[in-house]
Amino acid sequence: DVLAKEKDATVRQRLVEALGRIAQGSDITFLMALVKDKAAPVRAAALIAIAELAFRENGHLPNFEPSAIAESLTDADPSVRFGVAYLLQRHRGIEAKHGLYWADKCSRDADTAVRAACARALGRYGDKGRNLRMKATQDADWRVRVAAAQSHADAGDMAAISQRVQALASA
């Protein structure tokens with residue numbers, strides 16, 4: 001196994017990125033193990049590779065284990081936390097109980113890109129994600145607010161969009 005023997009983190013990262021483009025459902029266990037790599041760029045690349053694989057497989061990844069991803073939400077590196085938010089966007093098979101928990105956690109992240117990616121993912125949870133989407137529309141950063149508005153549209157939540165338009169009109 002070339003990846004396990006490779007000492008250089010950048011080379012491991014690039015190998016994981018390449019694997020993400022060609023991986024099949026049977027590679028999920030290997031990719032899940034890479035989420036624990038000692039190098040943050042490798043962990044982030046593994047999360048993004050899982051997200052892309054999940055998208056290609058229509059969310060059907062039988063050996064995907066959400067609990068293995070949860071600790072990545074508190075990773076010191078924002079690129080790893082972004083990887084979780086991106087996974088939320090792309091993996092249609094994440095159950096609402098996990099997805100909404102992750103979204104709630106990452107909606108409070110210090111990094112704007114993480115919060116925006118998280119807000120963008122909320123549309124797929126429909127009514128269940130409405131409270132978190134509404135909270136994201138109040139974020140201090142405009143990029144998060146835009147992502148939340150897009151998420152309202154994804155959810156088909158015309159009432160929330162109308163409410164935001166009225167709020168803007170009266171401001």
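How many salt bridges does a search of the whole structure find? The search finds 13 salt bridges, a salt bridge being a side-chain nitrogen of Lys or Arg within 4 Å of a carboxyl oxygen of Asp or Glu. Side chains of opposite charge can pair when their charged atoms come close. The model is predicted, so that local features need pLDDT of at least 70 and side-chain atom pairs count only at pLDDT 80 or more, while totals for chains, interfaces and linings use all residues. Residues are numbered from 1 along each chain as its sequence is written, and side-chain values use heavy atoms, with hydrogens and water left out.

One of the salt bridges joins Asp37 to Arg12, with the closest N and O atoms 2.8 Å apart. This pair links distant parts of the chain, since Asp37 is in the loop between α3 (28-34) and α4 whereas Arg12 is in helix α2 (residues 9-22), 25 residues apart; helices (H or I, at least four residues) are DSSP runs, numbered from the N terminus. Asp37 counts as buried at 15% relative accessibility, and Arg12 counts as buried at 5%, where buried means under 20% relative accessible area, exposed over 50% and partly exposed in between (1.4 Å probe, protein chains only).

A salt bridge is also formed by the side chains of Glu52 and Arg90, at 3.2 Å from N to O. Because Glu52 lies in helix α4 and Arg90 in helix α6 (residues 78-90), the pair ties together parts that are 38 residues apart in sequence. Glu52 is partly exposed at 22% relative accessibility, and Arg90 is partly exposed at 21%. In the salt bridge between Arg143 and Asp141, the N to O distance is 2.7 Å; Arg143 is partly exposed, with a relative accessible area of 43%, whereas Asp141 counts as buried at 13%.

Arg133, found in helix α9 (residues 130-136), is buried, with a relative accessible area of 0%. The side chain of Arg133 reaches the backbone oxygen of Gly126 at 2.7 Å. Apart from neighbours within four places in sequence, Arg133 is in contact (heavy atoms within 4.5 Å) with residues including Leu122, Gly123, Gly126, His152 and Asp157.

Most residues other than glycine have a negative phi. Asn58, although not a glycine, has a positive phi of about 55°. Asn58 is placed in the loop between α4 (40-56) and α5 (66-70), and at 68% relative accessibility Asn58 counts as exposed.

Definitions and conventions. Helix = DSSP H or I, 4+ residues; strand = E, 2+ residues; numbered from the N terminus. Polar contact = N/O pair within 3.5 Å; in protein donor to acceptor, adjacent residues only side chain to side chain.
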